[in-house]
Amino acid sequence: MRQFFPVEDLARDDRFVQTNMAERMADTRTAVDLKKTAKSRGASNRLTPDRHDASDAARSLMHGIMVGEIQALEGAGRTAHDFDAGDGSEGTIPFELKLDMARQAWDEARHVEISAKLSDWMGTEIGQFQENTVLFEAACSNDPVLRLAGVNRALEGLAIDVFTQMKEFGQLADDPFLEFCEDWMLADEVTHVKMGSDWLRRVTENDPDRRAKALEFQQVVDKLFSFGGARGESEESPIGLARRFRELAGFTDDEVDTIAEMDHEALEERKAAVRLAQESAGV
Amino acid sequence: MAGNATSRVQVAPERFSLVKYDAGEIAAVVVELAELIGLSNPISVFVDETTPLAKMSAEVESMSSDAPIVLRLESGALEDTRHLTNFSSERARQRLGRVMLRARDRLRPDFADAPPDLELTNPQNSAWDVYCGGRLERLGIEVPTQRFRYDFRNRFGFSDEVDAVFDRLWASDDLGWHDLPTAT
C-alpha cells in the first residue's frame with residue numbers, strides 16, 4: 001500500500017469542497033466588529049447559545065469538527081502505516097506507538113460517526129460547509145516525531161478547545177445529545193494529546209535537537225490552528241482555550257501561556273490585515 | 001444603487017469588493033420572491049459586505065402597499081457556504097424569502113406591536129422564523145426544516161411539547177404577532 005499520502009489525494013466524494021488556509025485568510029471580511037458599530041456583533045464573539053446566530057455558528061463548527069475528525073483519522077492511520085517498526089530512529093517508530101496510532105484511528109472513526117449524527121440532528125448536510133485541509137497537512141511530515149507534535153499535540157489540543165466549547169454550548173442550551181457526545185469525545189482527545197506528549201518525550205529522549213525541532217514545529221502549527229485568532233482567550237475569539245483539560249492532557253502552564261500569546265498575536269495580525277484590506281477596498 | 005427592470009427593487013452596493021456578489025442577481029431574486037409572496041412595495045436592499053455574519057432585518061415605513069421596504073443583510077446571509085465569498089441563489093431565496101415574509105407581515109395591523117427586527121429577542125426571532133419557514137416551504141422554496149427545528153429547540157427547549165408547538169407554527173398561515181410563542 002502507498003505510503004506518505006499528499007493532501008491533494010485525500011479520498012472524498014463530490015459532496016465535499018476543500019479549501020486551505022491561504023484561501024480562508026484571503027477572505028477579508030471579519031466577524032469581529034472593527035468599527036464597533038454593528039448591532040449584530042456584541043462585545044463577545046464566544047460561541048454560546050445566546051448569540052443571535054448560535055445555531056448557524058454551532059452547525060458550522062460541528063461540520064468543521066466532523067471533517068477535522070476525518071482528517072485526524074487519516075493522519076493517525078497514515079502514521080501507523082507509513083513508518084516501519086523499530087527503535088524510533090531513521091524513520092522508524094516503536095511498535096507500541098503504531099498500536100497507539102491504530103487505537104487513535106479507531107477513536108477518530110467513532111468521532112466521525114458521532115459528529116455526522118450530531119450534524120444531522122442539528123440540521124446540517126454532510127458537505128454543507130467547505131473542508132479546510134490544514135489539519136491533515138500537519139500530518140504529512142516525513143519525521144514521525146513532527147507528526148506527533150503537529151497532530152497529537154497541536155491538532156488534538158485544538159480538538160480539546162473545540163469540544164470544550166461545544167460541550168458548554170450543549171450544556172447551556174440543554175441539548176440532551178450534544179453535551180453528552182462532546183464530553184465523551186473530549187475524554188478521547190485528552191488521551192490522544194497525552195499519548196503524543198508521552199511518545200514525543202520517549203522517542204526523543206536521547207536526541208534534544210530533534211525534540212526542539214518538533215516543539216518548534218508544534219508552535220508553527222498551533223499558530224496556524226488559531227485560525228487568525230478564532231481560538232483564544234479574548235472574548236473576540238469564538239472558541240476559548242481549554243486550560244483545565246489541556247493541563248489534564250499534559251500541557252504545562254508555560255506551554256498553554258505560549259499558545260494563548262500566539263492566539264492573541266494571530267488575532268491582532270488578522271484584524272490588522274482585514275482592516276488594511278477593507279480600507280484599500282474603500283468599504 | 002442598482003435597480004432592476006421594474007425599478008421597484010434597489011440593491012446597494014452596486015459593486016461588491018470583498019465578496020463575489022452581483023447586485024443585479026440579488027435584485028432578480030428579490031423580484032422573483034416579491035411576486036411569489038405578493039409584495040408590491042418598492043424594496044431597497046443593503047448588504048454589509050464587511051462581515052461574514054448573516055443577520056437580516058426588514059423595516060417597513062407604514063402599512064400601505066406602496067410604503068418603501070428596507071432590507072438590511074450581512075453578507076453571510078447570501079453566501080454559498082461551500083464556496084465562501086460566493087453568492088448562493090438557493091440560500092438567497094431562503095434568507096430573503098424569510099425576511100420579505102416578515103416585511104409582508106409588518107404590513108398587517110396584527111403585527112403592529114412587533115418590535116423592530118434588531119430589537120427582537122432570540123426566541124421571538126426564532127418563532128417568527130419558523131412561521132416564515134413553513135410558509136416559504138408551501139410557496140415552493142426548499143427550506144431545511146430540521147435547521148429551523150434545531151434553532152427553535154435551542155430557544156424554547158428540547159421537549160415533545162416544544163416540538164408540537166413548532167409543528168403547529170410551521171403549518172400556520174394566518175397568524176398575528178401575539179399568536180407567536182414567547183419563551184417562558
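**Terms and values**

Analyst: Along its sequence, chain B runs β-β-α-β-β-β-α-α-α-α, where helices (H or I, at least four residues) and strands (E, at least two) are DSSP runs numbered from the N terminus. This is a predicted model, so local features need pLDDT of at least 70 and side-chain atom pairs pLDDT 80 or more, while totals for chains, interfaces and linings use all residues. Residues are numbered from 1 along each chain as its sequence is written, with chains lettered from A and ligands numbered from 1 in the order written.

User: What makes chain B agree with a compact globule?

Analyst: The rule is 2.2 Å times the number of residues to the power 0.38, with the radius of gyration taken over C-alpha atoms. For 184 residues that puts a compact globule near 16 Å, and chain B has 16 Å, so the two agree.

User: What makes A:Leu61 a contact partner of A:Val162?

Analyst: Two residues are in contact if their C-beta atoms, placed from the backbone, lie within 7 Å. Leaving aside neighbours within four places in sequence, A:Leu61 has A:Leu47, A:Val162 and A:Met166 as contacts.

User: Why is the set of 68 residues called a nonpolar core?

Analyst: Because a nonpolar core is a set of buried Ala, Val, Leu, Ile, Met, Phe, Trp, Tyr and Cys residues joined through C-beta atoms within 7 Å. Buried means 20 or more other C-beta atoms within 10 Å of a residue's own (C-beta atoms placed from the backbone; exposed is 12 or fewer, partly exposed in between). A:Leu61 and A:Val162 are among the members of this 68-residue core that touch the most others, and H5(A) gives the most to this core, 15 residues.
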